[in-house]
Amino acid sequence: MFKNILFDLDGTLTDSAEGITKCVQYALAAQGIDEPDLSKLEVFVGPPLRASFQNYYGLTKEQAEASLWKYRERYEKLGIWENKLYPGIKELLRDLHTAGYRLGIATGKPEPHAIKIAEHFGIARYLDMVAGTALDGSFDDKKIVMANALARWGIVSPEDKAETVLIGDRDQDAISAHVNGVKCIGIRYGFAKPNELEEAGADIILDTVEDVYRYFLK
């Protein structure tokens with residue numbers, strides 16, 4: 001029985017596609033790349049941005065770093081608020097908190113940004129922790145974020161890990177959870193490609209926010 005629930009942020013608690021894709025578009029334009037189709041940029045929702053700029057648009061490490069700072073130039077003014085909670089998320093977190101679950105966020109987004117978002121949408125009150133990446137790039141890996149989150153909660157033993165789960169929408173969530181010895185619930189309403197969660201080995205896959213609610217609060 002799970003007692004500790006970590007949530008991914010983008011694509012799991014919030015639909016952040018508008019802000020992220022517009023900021024990626026802005027950053028690519030600074031590199032002389034015109035990408036008018038925002039839907040093509042949804043692959044940037046979730047994974048680390050530095051790697052995504054290199055993987056999807058062939059940028060060098062130096063160009064990717066420059067693009068990240070251009071991304072943040074727009075994101076910190078506009079993109080962070082081009083975002084919304086998925087319907088039912090606030091109620092889900094409220095009722096899980098009331099039921100006694102320990103709740104937190106483990107995200108590939110920089111931690112200061114994730115804290116601002118949680119506070120802005122009024123869900124910080126239900127969370128015991130928000131764990132994310134470092135702005136300076138000193139760690140930019142969801143596996144490390146998960147390890148840090150577990151350490152901050154003092155979850156070390158196999159017994160404690162068996163009571164802990166990560167809920168997320170991308171393959172990196174399942175991979176990061178398993179590397180750290182915890183299970184992953186994959187959700188389909190986010191940005192995973194077809195079969196992405198299955199191929200990553202998500203332990204349980206749920207379709208909707210309502211399914212998550214019923215799984216924990218039957």
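Leaving aside neighbours within four places in sequence, which residues is D95 in contact with? The partners are Y213 and L217, where contact means heavy atoms within 4.5 Å. This is a predicted model, so local features need pLDDT of at least 70 and side-chain atom pairs count only at pLDDT 80 or more, while totals for chains, interfaces and linings use all residues. Residues are numbered from 1 along each chain as its sequence is written, and side-chain values use heavy atoms, with hydrogens and water left out.

Stay with D95 for a moment. Its side chain meets that of Y213 in a polar contact of 2.5 Å. A polar contact is a pair of N or O atoms within 3.5 Å; within protein, one must be able to donate a hydrogen and the other to accept it, and residues adjacent in sequence count only if both atoms are side-chain atoms. D95 belongs to helix α4, residues 89-98. Helices (H or I, at least four residues) and strands (E, at least two) are DSSP runs, numbered from the N terminus.

Now look along α4. Its buried residues are I89, L92, L93, D95 and L96. Buried means under 20% relative accessible area, exposed means over 50%, and partly exposed lies in between (1.4 Å probe, protein chains only). An α-helix has 3.6 residues a turn, so residues three or four places apart point the same way. The buried residues of α4 pack against β1 (4-7), β3, β4 and α10 (209-216). After the helix comes G100, with a positive phi near 100°.

N195 is not a glycine, yet its phi is positive, about 70°. Find N195 in the loop between β7 and α9. It counts as partly exposed because its relative accessible area is 46%.

Another loop residue is N83, between α3 and β3 (84-85). Is N83 buried or exposed? N83 counts as buried because its relative accessibility is 11%. Its side chain makes a polar contact of 3.2 Å with the side chain of T14. Not counting residues up to four places away in sequence, N83 touches T14, D15, S16, I117 and F121.

L38 sits in the loop between α1 (17-30) and α2. L38 is partly exposed, because its relative accessible area is 27%. Not counting residues up to four places away in sequence, L38 touches T21, K22 and Q25.

Next, the cysteines. C23 counts as buried because its relative accessibility is 0%. C184 counts as buried too, because its value is 1%. A disulfide is a pair of cysteine sulfur atoms within 2.5 Å. By this rule the count is zero.

Finally, turn to the empty space. Rolling a probe the size of a water molecule over the atoms shows where empty space is left. On a 1 Å grid over the protein atoms alone, a cavity is a set of points where a 1.4 Å probe fits but cannot get out, and a pocket is an open set with protein on both sides within 12 Å along at least five of seven lines; lining residues have an atom within 4 Å of a point. Grid points are joined across faces, edges and corners, and a volume is the space filled by probe spheres set on the points.

There is one cavity of 30 Å³ or more. The largest cavity has a volume of about 220 Å³. It is lined by 21 residues, and P47, L49, G108, K109 and P110 are the closest to its centre. Two or more lining residues come from each of α2 (49-57), α3 (61-75) and β4 (102-110).

The largest pocket holds about 250 Å³ of space. Of its 16 lining residues, P47, P48, A51, D171 and Q172 lie nearest its centre. α2, α6 and α8 each supply at least two residues of this lining.
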